[in-house]
Each structure stands twice: as structure tokens, then as C-alpha cells.
Amino acid sequence: MAMNWLSALARGAEIPVFAVVGAQGLAPVEGLRHRPGLRLVDSPRHARVLLVAGAVDGAHKTALERLHAQIPTPRGTVWWQAAPLFARGQGVAGDDPLPAIRAAAGADDPDQRPDVPPHPWQGMGPHGQGGRGMMGGNPYGRPMAMTADDIRDGLALDVYNARFGPFLPMLPPGLVLDLTLQGDVIVSVSVVSPPFEQGMQGDAPDLCAARMLRLMGIAPRAARARGALLALPKGSGTRRRLAAWLRGQTVTERPSPLPEALPGLEWAEAVLWLASFLPSHLRAACMPRQAA
Amino acid sequence: MIAATLILLLALPPLVWVAAMFDRIGAGRGTVVMGPLQNGAALVLRPNTETEAPDRLNRLLAPGWYLALALVGLSVVPLAEDVVASEISTGLVLWGACEALTVVVVFLHGWSPNAPLPLIGAYRYVAIALPAMLLSMFVLIGAALPAQSLSVVEVVEAQREIWNVIRQPLGLPLFMALGLAITLRGPFDYADGAELAGGTSAEESGPALALWHFARAAMLVAFSAMAATAFLGGYLGPVLPGPAWLLLKTLAVMAATVAAGRFFVRMPPARMLTFLWVVLLPLSFASLALVGVEVLP
């Protein structure tokens, strides 16, 4: 009885969609943001429908399957202008994925990955986890905390090693980073794979500004008057680049290689720094160096 | 006292609904009135998620603690003359305890799923919320000085001649910074922000997430009622009955807090930390010193 009443009420709800942005997908997904009837969410846990917008490299198949598994059941999948990497959900070739998203909101995809730990237990060393004493090691493929020097104050605290990307919404889509973190301070970076190609549309100033301001919690309207520039720290150039975008100019500065630029920055600063360059320039900076 | 408690319990859900409506006004999201109920119902029908090796007890309890703190905080607010749920002489201290424990609860919410982004959100929130709490303590002591009492009832009665918002103009804006911090909103949302993909809530779904959102809105109601009481004279006002005045003032503060949350930019946390310690905290000292000079006989 109560459930029926809840279900009836829930029928009018917005569909929470987690958008995986593939190649050329940045601008179309931005266009979905203000469509009524759906809400783009930041975490797959909050979603009902997985929308894959734009082609995703086959190298990221496992990552995409894991993301699919993170959406609570029942879940649906839509491949929008993207070749399916696995046999779940339906494809849309046209410009409007909304009907397919509505259909997917009633779908119930079976699990794509088997329900087993991604990294089986491997006991090592006197405490079973490998590592030194009772710290460190790599049980279940999860690196345990181990003390290491902080690059800012030299205090030896626990470091955290993990892979971030390729579909985290605050990072440029496709970018995969292996990070070593001390709290939220980045200690070292290696680029595992570069961001996807986004084309000319992805470099549009208004879109770039909106993406950056979203990370700062506001909509782009009158951003300058509301102190958006003052909120950014001087020196890193993020302020200068956001100012250019808000004036409608294209940013011509190119990022230095990530393993040199990011260490020492806090998570929020690093994310803003990455968002302050054109997607095409960032992609170029992450590509493996061509042999001369 | 029992009547006041019952009134608060009955009034909270509709006020949470209103808070959720305020969040949708002007956000370009369509149905303002029914939207929160429909989305809430859809969320409740989704399953909770499991994470790997979570702290189950704290994960289960954190949203409930948050809601409980909002309710306890709300209970010290007098609804009319002599009508208050927690009639204690140290109401402001109880409210302060709820503020401080909110930091613990938000930390537990980020800690318990055992995942990196929620944990970063949890640590960052503690770093930012601590100075925000300090700030509110100075501001609330300022509100208590003219009343010469820590009782919230006395604080209201001391505003019969003139509201605190006029006597201490810095108080309300500074207290709103705390409101944004304890309701995880806009410029102070270092726990659940977009740059952490939902931060402490990133791993939650279903009823647990729905309860977290509900508790967050309930905390906004509690904060708004407290701000209306400490600075806008609470239930005092002509013609209309006391509770109606309190309701109107609470809604006004709520609207202002939601608007401020949308208007102001979230700085990177290190910059906000400097801003809090170097600008806002000295301002709150100055405000308290001015109040002290005013109440000198």
C-alpha cells in the first residue's frame, strides 16, 4: 500500500543519469544539463541510468564495466553515438537521447561483471598483507597506507596510492592518473592514458568556463561580479585563464606536463588547474612524446 | 514543553519540503512544488549500496545523527512566550554542542564507506568547519551579552526594544557563514562538493542518501530558526501571533541562506582556511568587542 503510493509519486521524478563522456561527448552532454526530466549526477551511486556519450576506447572496457556495476540495481544503459563495448542497454545514433534514457529508466540490466573481488587475496609476509611491520602491502590489490615524506612540510605521514579516472566527472574525460596523495595533497603523478579527443566544440569558451565554475559551486551567470576570479589563488594562472573564458576569448596557454605541474597542489586546486586548459591542449600535453 | 516538542516534530517535515523547494526555485529544474517529493520517493525506492569493508555501524547511523542534531538544535528555539521544547538556562551552549557535533557526524559519514573521495571530503570538512564553529561561538556570545544569559528565551526577551541584527550588524552575516557550513552548502560545501563527485555522499544511494538529504534540509530549518531567534527577535512582532512571526522570519533566513549558497563561489580549501582565520574570525572578535562596549553601563 505504502509502496504503491511511493511508486506512484516516484513516477514523476527526474531520471538521475550518470554520463560517461567519450570522444566528442563533452559538448553534447553539456547540452543535456538543462533538459527537464533528467538530472546529471556526479556519482554512479546516485544514478539510475548510465549514459555513454561518445566513443570510449576499448582499453577502458574494464573501467566502464566496473562503473556499470557501481550503479545500484535496477539500472539501464544508453549508448549515445557510441559503439557498445558490452551487450547491455540500447544504442542511440541521433541527436536526442531522451526517449532512450526514459526507456532505460524502466530497464533492468543484468550484471556485466561477475560478483567476485577484482583482486583476489594474496597473503604475503608475517601479517599476510606484504609490506613492513603492520603497515604497507597490497592486500586485495588495495595498497595499504605506508608512511612517506610529505613534500610540503616533511612530516612522515600515510600516503595513499590509487588510480583516478577515466570517468570521474571532475577530471577531463578519459584522463587516467596514478596519484600518490598525502591527505588531499598530490605528491606524485603519472599519466596512464590521455583525455579523449573533444574537437572544436569542446574548446568553446563558454563551455570551458561553465565546467570550471561548476567545480566552484556556481552557475556561470555574472560569475566575474560574484568574485569567481578572486576565489582562485594567484600564480597558478587559473585566474587568468578563467578571466579569458569569461570574456569569451580562447585560452592559448598550454599546460606543462602533468607529472611536473600537479605535485604540491591540493585536490581542488589540481582539479581546477586541469579544468583551466582547453581539452585539446591538455590532451596534447598528455600524449606520449613522439620520437623526433 | 511536550506540546512544543510535538509542534516541532509536526512542523519539521513541511519545513524541510519548503527548504527543498527553495533549492529548486530558479535552478531551471521544472516542478518546484512536487519535484522534491517525487525525487525523494524515487530515491527511497532505490537500494542502498554496499562498499568494500565499510564501517557499517557508523555508515548506518551518520544520517540519523545528523537529523537528531538538527532536532536537538531546533528544540532550544522558543516558539512563543514561554513555549519552548528544551527549557534550559544554557540553550545557546546546547546549540553550540549541536554545531560542533555536526562536524563529527559529517566526518563519520565520509569515513565510514571506506572510499577515497568521501574520506577526502571528510577531512577537508573538519579543517574548514572548525574555524566556522569558532566564529559562530563568538557571534552567539555577542547575542547573549545584552541578555546577560545563555538562555535562548532571555536572548529573545532582550530584543523587545531593538533586534540584535540592528545592535550587532555583523552578527547575522557571520552566523550565516556557519549556517552554510553546517548545512553543507555552496561556498562552504567542502564535504559534498562537485569537485569530489558528491564527497562524503559519493558512495551512498537509496534511503540512506534520502535521509542524508532530509537531515541536511532539517539542519537548514534548525539553523534558520536559530538565526531568526538570536538576531531577528524570534517570536516578537506586532499584530500576528508569535509563532507566525517566528515562521516568517525563519523562512526569510532560509531563503537568504539558500540564495547565499548559490551566489558565492567555493574557494579552494586552503584559500578558504586563510580567509576564515585571517578575515572572518577577526571580524567576529571585532563584532564581540563592539557588543561589549555597547552593553557597558
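Reader: What makes β7(A) and β8(A) a pair, and in which sense, parallel or antiparallel?

Author: In this predicted model, β7(A) and β8(A) pair in the antiparallel sense over five bridges. Pairing needs at least two bridges. Five bridges join β7(A) and β8(A), so they count as paired. One bridge sets A:Y160 against A:L181 in β8(A).

Reader: How do you know that β8(A) and β9(A) pair?

Author: The cut-off is again at least two bridges. Strand β8 (residues 176–182) of chain A and β9(A) have seven, in the antiparallel sense. They therefore count as a pair. Among the partners, A:L177 has A:V191 in β9(A). A:Q182 stands opposite A:V185, also in β9(A).

Reader: What lies between the strands in the hairpin of β8(A) and β9(A)?

Author: Two residues. A:G183 takes a positive phi near 60° in this hairpin.

Reader: Why are β6 and β9 of chain A said to stand at the edges?

Author: The sheet is open, with four strands in the order β6-β7-β8-β9 (chain A). Its pairing is antiparallel. β6 (146–149) and β9 (185–193) each have a single partner strand, so one side of each has no neighbour in the sheet. From one strand to the next, the twist averages 35°.

Reader: Which residues meet where α8(B) touches α10(B)?

Author: B:M176, B:G179 and B:L180 in α8(B) meet B:T257, B:A260 and B:G261 in α10(B). By class, this contact has three nonpolar, three polar and no charged residues.

Reader: What makes α5(B) roughly parallel to α11(B)?

Author: Helix α5 (residues 116–144) and helix α11 (residues 269–295) of chain B cross at roughly 10°, and their axes come within 8 Å. Angles under 35 degrees count as roughly parallel. The crossing angle meets that cut-off, so α5(B) is roughly parallel to α11(B). Residues in the contact include B:F138 of α5(B) and B:W277 of α11(B). By class, the contact has 19 nonpolar, three polar and one charged residues.

Reader: Why is B:A97 called partly exposed?

Author: B:A97 has 14 other C-beta atoms within 10 Å. Buried takes 20 or more, and exposed takes 12 or fewer. The count for B:A97 lies in between, so B:A97 is partly exposed. B:A97 is found in helix α4 (residues 91–111) of chain B. Its C-alpha atom is 9.7 Å from that of B:V72, which is 25 residues apart along the chain.

Reader: What does UniProt place at residues 92–111 of chain B?

Author: An unreviewed UniProt entry places the feature "transmembrane region" there, as one of several such stretches in chain B. In the model, residues 92–111 are 100% helix and 0% strand, with end C-alpha atoms 29 Å apart. Another annotated stretch is residues 60–80. That stretch is 76% helix and 0% strand, and its end C-alpha atoms are 36 Å apart.

Reader: How many residues of chain A are in contact with chain B?

Author: 38 residues of chain A contact 41 residues of chain B. On the side of chain A that touches chain B, α8(A) gives the most, with five residues. By class, that side has 21 nonpolar, nine polar and eight charged residues.

Methods:
Residues numbered from 1 in each chain as written. Chains lettered and ligands numbered in written order. Predicted model: local features only at pLDDT ≥ 70, side-chain atom pairs only at ≥ 80, totals over all residues. Contact = placed C-beta atoms within 7 Å. Nonpolar A, V, L, I, M, F, W, Y, C, P; charged D, E, K, R; others polar. Axes fitted to C-alpha atoms, helices over the stretch in contact; angles between N-to-C directions. Parallel < 35°, antiparallel > 145°, perpendicular 65-115°, else oblique. UniProt positions renumbered as here; feature names shortened; annotations may be inferred.
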